[in-house]
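Student: I have a protein structure open and would like to learn how to read it. Could you walk me through some features?

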Amino acid sequence: MATETETATETSEQQQPRRPIRVGWIADTGTLDHLARVVKPLAVGMLDELVELVAVCPRAANTGEIPSPPVEVLSYGPVRRFGLWTGAHERLGQEMRGRRLELLHALDTQAAGLAGRLADTLKLPYVLSSFSLGDSERLGGMTRRPDAIIAAGDLIRQRLVQRHAAPPEKIRVVHPGVYCAKRATCFTQTQQTVAIVAGGSLDSFRAFRPVVESFAALLKADIDCALFILGSGRAEKQLRKLADALGVRTEVTIVDRPGQGQLPGIFKAADIYISPAPARAVDMTSLLAMSAGVPVLAATDEKDPSDFLVADETALLFEKGSSEELTAKLKSLMEDRAAARSLADKALEYLRKSHSPATMVSKIVEVYRQVLGLGGGGR
């Protein structure tokens, strides 16, 4: 049992008001496009946790998802030339001195190199968010290791621990938090053409071929549907040729992958989302589709770091490259639309429990305060 002195000390610490802290978020090219729908609820939540933010972003970055004000946005120009550091990061560091920052946070590993150099210039600790299994290799060549790593999933943390990216106690899992729809939004109009959206890098023809083949099979079975493929890559030309060969070219629309800020509008009109290629990084587009109330079909493997893709609970999973399995599961959703909506609703329930923005915020603030030696973070 705790002594009276220990109890009094704990009570005093609990009653002691927390002071605000100032944190610099470091983004690189593409960071905000990839993480926009996570960054916004994180920034909003930080305000309630007494964290004052300065977002340090490339001039060309889309900062529309950052609430500014109250978040200050500090833009910077090129800091590398031909892959080499130019010294511009030191000038950026000097510009940041007046912001009285106490901690830097690289929002992904793309920004880790700049964050490490700025941390050295400003003599500050820094934290890194990791969303990919490949991040452990990228961190291996860095001279300045982060003071803590926030892993977006259990497999990512395991890989970081295995590769000694940081001591295990300094690597914490914090699932990305997203706002969720109240209920499933798919198949709301019984007479409407079914909108199927598929997304990802179009570098693998083997991964995307079943999407076009399954779509052609659905049309052959007189199912009224349309296919939209979001992405670009070296397989795009082959996919267009395949659509021509199968006689479905006019019903297939291929567009460049939009930024995350545009996805909610796309998913609002979608009935099904397909992620045909397993990735080494967290599948943020599938996460956003699920959060929008759209049922997800995904090709995964044992190395997929997307914790939220749980077979038959949050998504229907299929073998990469299998047109037959994908066609069967697409038909099952279209023929039993109540089951499709039930799958989407179960996914939403899962996300509310495991990917809550409030939980994400409190856990990350706790990391900040621990790195600064200020104890726990959440209210």
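This is a predicted model: local features need pLDDT of at least 70, side-chain atom pairs count only at pLDDT 80 or more; totals for chains, interfaces and linings use all residues.

Student: Let's begin with a helix. How does its length compare with what its residues should span in α2?

Tutor: The general idea comes first: an α-helix has 3.6 residues a turn, so residues three or four places apart point the same way. Helix α2 covers residues 31–48, and at 1.5 Å a residue its 18 residues should span 26 Å. The C-alpha atoms at its ends are 24 Å apart, which agrees.

Student: Where does α2 bend?

Tutor: Look at Arg37, where α2 bends by about 65 degrees. A proline, Pro41, follows within four residues.

Student: Now the backbone. What should I look for in phi angles and peptide bonds?

Tutor: Most residues other than glycine have a negative phi, and most peptide bonds are trans. Let's look for departures from that pattern here. Just after α2, Leu50 takes a positive phi of about 60 degrees, although it is not a glycine. Leu50 sits in the loop between α2 and β2. With 28% relative accessibility, Leu50 counts as partly exposed.

Student: Where is Asp222, and is it buried or exposed?

Tutor: Asp222 is in the loop between α7 (205–220) and β11 (225–230). Its relative accessibility is 72%, so Asp222 counts as exposed. Asp222 also has a positive phi of about 60 degrees without being a glycine.

Student: Which peptide bonds are cis?

Tutor: One joins Ser68 to Pro69, with omega near -10 degrees. Another joins Pro69 and Pro70, where omega is about 15 degrees. Pro69 is in the loop between β2 and β3 (72–76), and Pro70 lies in the loop between β2 and β3 as well.

Student: How do I describe two aromatic rings beside each other?

Tutor: A pair of aromatic rings is described by the distance of the centres and the angle of the planes. Searching the whole structure gives one aromatic pair. Phe267 and Tyr273 form it in an edge-to-face arrangement, with 5.5 Å from centre to centre and 80 degrees between the planes. Both Phe267 and Tyr273 are buried.

Student: How many disulfides does a search of the whole structure find?

Tutor: First, the idea: a disulfide is a covalent bond between the sulfur atoms of two cysteines. Here the search finds zero disulfides. Take Cys186: the nearest cysteine sulfur, in Cys180, is 14 Å away.

Student: To finish, where is Ser356, and what is it in contact with?

Tutor: Ser356 is in the loop between α12 (337–354) and α13 (357–371). Ser356 has 15% relative accessibility, so it counts as buried. Leaving aside neighbours within four places in sequence, Ser356 is in contact with Gly177 and Leu351.

Note on methods: Residues are numbered from 1 along each chain as its sequence is written. Side-chain values use heavy atoms; hydrogens and water are left out. Rings of Phe, Tyr and Trp (its six-membered ring) pair if their centres lie within 6.5 Å; planes under 30 degrees apart count as stacked, over 60 as edge-to-face and the rest as tilted. Buried means under 20% relative accessible area, exposed over 50%, partly exposed in between (1.4 Å probe, protein chains only). A disulfide is a pair of cysteine sulfur atoms within 2.5 Å. Helices (H or I, at least four residues) and strands (E, at least two) are DSSP runs, numbered from the N terminus. Contact means heavy atoms within 4.5 Å. The expected span of a helix is 1.5 Å times one less than its number of residues. The bend at a residue is the angle between axes fitted to the seven residues ending there and the seven starting there.
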